2 protein chains.
Amino acid sequence: MEYVTSDNMRGIARSAIEEFFKHSGDPAFIPMAMGNPDPEALPEALLSELMGKVAREDMGKALSYSVGPGYTPLRDALKDRLAVQNCFEHERDELMIFSGSLQVADIACRVLCNRGDTVICEEPSFVGCVNSFRSNGAKIVGVPIEEDGVIIDRLEQALKENPNARLIYLIPNFQNPTGYTMSEEKRKAAYALAKKYGVPIFEDDPYGDLRFSGNPVPAIKTMDSDGLVIYARSFSKILAAGIRAAYASFPKELFEAMYLAKQCADIHASMLAQLLCYRFVTERDMTQHLAGMKDVYRRKAARALAELDKLPKDKISYSKPEGGLFIWLTLRENQDGGDFALRLVREKKAAVVPGSAFTANYQPSPSFRITFSALSEEQITRGIEAIGQLL
Amino acid sequence: MEYVTSDNMRGIARSAIEEFFKHSGDPAFIPMAMGNPDPEALPEALLSELMGKVAREDMGKALSYSVGPGYTPLRDALKDRLAVQNCFEHERDELMIFSGSLQVADIACRVLCNRGDTVICEEPSFVGCVNSFRSNGAKIVGVPIEEDGVIIDRLEQALKENPNARLIYLIPNFQNPTGYTMSEEKRKAAYALAKKYGVPIFEDDPYGDLRFSGNPVPAIKTMDSDGLVIYARSFSKILAAGIRAAYASFPKELFEAMYLAKQCADIHASMLAQLLCYRFVTERDMTQHLAGMKDVYRRKAARALAELDKLPKDKISYSKPEGGLFIWLTLRENQDGGDFALRLVREKKAAVVPGSAFTANYQPSPSFRITFSALSEEQITRGIEAIGQLL
């Protein structure tokens, strides 16, 4: 029969990342597209050891259904962890486990948005969450981001022009795709606007644990005296992306609806992932583990930035991330990042993600994203040299 | 701040099952409410052994993101398995892995329904999927079910009266909550109606592997010459419910949209669950494994039916399932199943689920559901005796 897909799903295209991911199995390609963590930083041996314990001791807990908000001992451990960082307050917040932080976006939007309501996003932003909002019927309004975060005047303008805005989506630390970090002043200003217009913030912080230089900036959630912030953290970049596990701290008032929406999505997150994360959080020295990861990314980012420094400054500029996995490159003279990315794949066997993939309506963009996380230093050099040759 | 939840989420109440689940930790309670598989039939030892292998050999595959449709070797193995059962045709169908079969319902609805569109469900039906449809904005229209399946005239009437119907949700084998099995004639008739009105069927078959008596009836999917059936199978009842893993075979035309919607939901199912399922499917003798499970359920169902036979026939009637986990009890003289369920909890410490929880609009119902799956035979006897004492 002829199928007609829903209005919400129409207009959602395949992620350009996925398109470039096709080449990731080909060893000839330099895989600068996918935001995968470094296998060196996330050793298989650690996962095997922890999972072996789960397999030997905890499997009874995976036999039956569990509860929607997540495995209680894991929730408690994460509440403690976030409380220390002032991102969870027992009086104010609840914490739930999700099947990855993209699911937090999906469920928050299901809970807060009617079809046609607006979600305000940084532009560029993480296309996965933006598509998730779209698939819930939300209209996407992009607000330009610069090196110290979203442009505050433009954010206020978007809030004024869209009285049906229901959510502000921000990635304040080492943003995807730009690598930019929002300044403390801008975080305060964005929070004040959220309060003024009564629009909650979804603060997505998957990379916050991976600051390898500069000084930490407090999460917006730490300022949340009015219960306006849904704050998501993930195990994807610090343990393993393929297990699909994340958690979010949010105002208690939202608990019932978030809980019910989670039940409507997949009942609860896989107990295998939850049991593994519980052992990771409670049995590992997290500070030491993260220090090791940061060493790896610091070294790789330094290599990438050193190579980028050799490129002709009149032809390209690039962001200088203090953490995370991404660097954002922008061509001068209004060239198209999409054309450049295609030429890189075809002529140089180097995969990057064109900037248009991260814009609210797939507008052309002179930029593209590279990752250094899962590449060897030799690959980083070869990849950036390839970019230089094409310029 | 004051939160207003979306129109789609309003009206979704906590599952009555969850309410009665609260007592499941209390050993004094007879837990006839939750549809958990029997831990005896799903031995922890099997899970530990398979998971141990995954932990030792496969964890590298869990480090990074995987692809949306699922782990390819698992998809291939399941395609083969369903092809043998005529529920997958390489020419016609695609197969994807999901985070439980409730997620198939959620994603199918996201792909096919606009807000206000109708999903036709059996009444009573599995409240989890029904809520999932609701949370996508669907209007629920219930069609009464009897011992040999949905009433076909009423199904046609519902299709006629609701030209915006986009999905027919059926559980043909050992239905939840009734335990009823749809006859082959009715399956053919339902398929013919789906074709006549151009409305696809979501055939949910989590219990099909657990027939312990009577003769198998072909799945509706086996009749799908027109590409009208989304057919979902689950690992929840045959391996472990807490791992959240299921799969669905559906017409190729839907693949792109199902794939994109899955990406918007949680990117892909947890690799831990997928790797475990792959070992289960390829390394175990499934026929032998299922035979062992069926022996357990056959014995328990026989005990339950023998105990039910002792109850006064003028006061209560009950279904006689040939498989699955559920028996549906109906009080005579228009008594309310909800009141009875509450009295059972309070006076007899026995938890069942009131029938109203499974109706399209939480209408009062003279029925309630019991499960025999996770109870000992002694608990089954005590539970049904408690029901008899209250009658």
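B:Asp148 is partly exposed in the predicted model, at 31% relative accessibility, where buried means under 20% relative accessible area, exposed over 50% and partly exposed in between (1.4 Å probe, protein chains only). Its side chain meets that of B:Lys186 in a salt bridge with an N to O distance of 2.8 Å; a salt bridge is a side-chain nitrogen of Lys or Arg within 4 Å of a carboxyl oxygen of Asp or Glu. The pair links distant parts of the chain, 38 residues apart: B:Lys186 lies in helix H8 (residues 184-197) of chain B, and B:Asp148 in the loop between strand S4 (139-146) and strand S5 (149-150) of chain B. Helices (H or I, at least four residues) and strands (E, at least two) are DSSP runs, numbered from the N terminus. In contrast to B:Asp148, which is partly exposed, B:Lys186 counts as buried at 9% relative accessibility.

As this is a predicted model, local features need pLDDT of at least 70 and side-chain atom pairs count only at pLDDT 80 or more, whereas totals for chains, interfaces and linings use all residues. Residues are numbered from 1 along each chain as its sequence is written, chains are lettered from A in the order in which they are written, and side-chain values use heavy atoms, with hydrogens and water left out.

Over all chains, the structure holds 58 salt bridges. Within helix H5 (residues 101-112) of chain A, A:Arg110 and A:Asp106 are 4 residues apart, about one turn of the helix. Their side chains form a salt bridge at 3.9 Å, N to O. A:Arg110 is buried, with a relative accessible area of 3%, and A:Asp106 is likewise buried, at 1%.

B:Glu347 is partly exposed at 48% relative accessible area, and B:Arg343 is partly exposed at 35%. Elsewhere, salt bridges that share partners join A:Lys53, A:Glu57, A:Asp58, A:Arg279 and A:Glu283 into one network.

Helix H10 (residues 271-283) of chain A comprises 13 residues and reaches 18 Å from its first C-alpha to its last, close to the expected 18 Å; the expected span is 1.5 Å times one less than the number of residues. H10(A) is mostly covered, with 10 of its 13 residues buried. Among the buried residues are A:Met271, A:Leu272, A:Cys277, A:Arg279 and A:Phe280.
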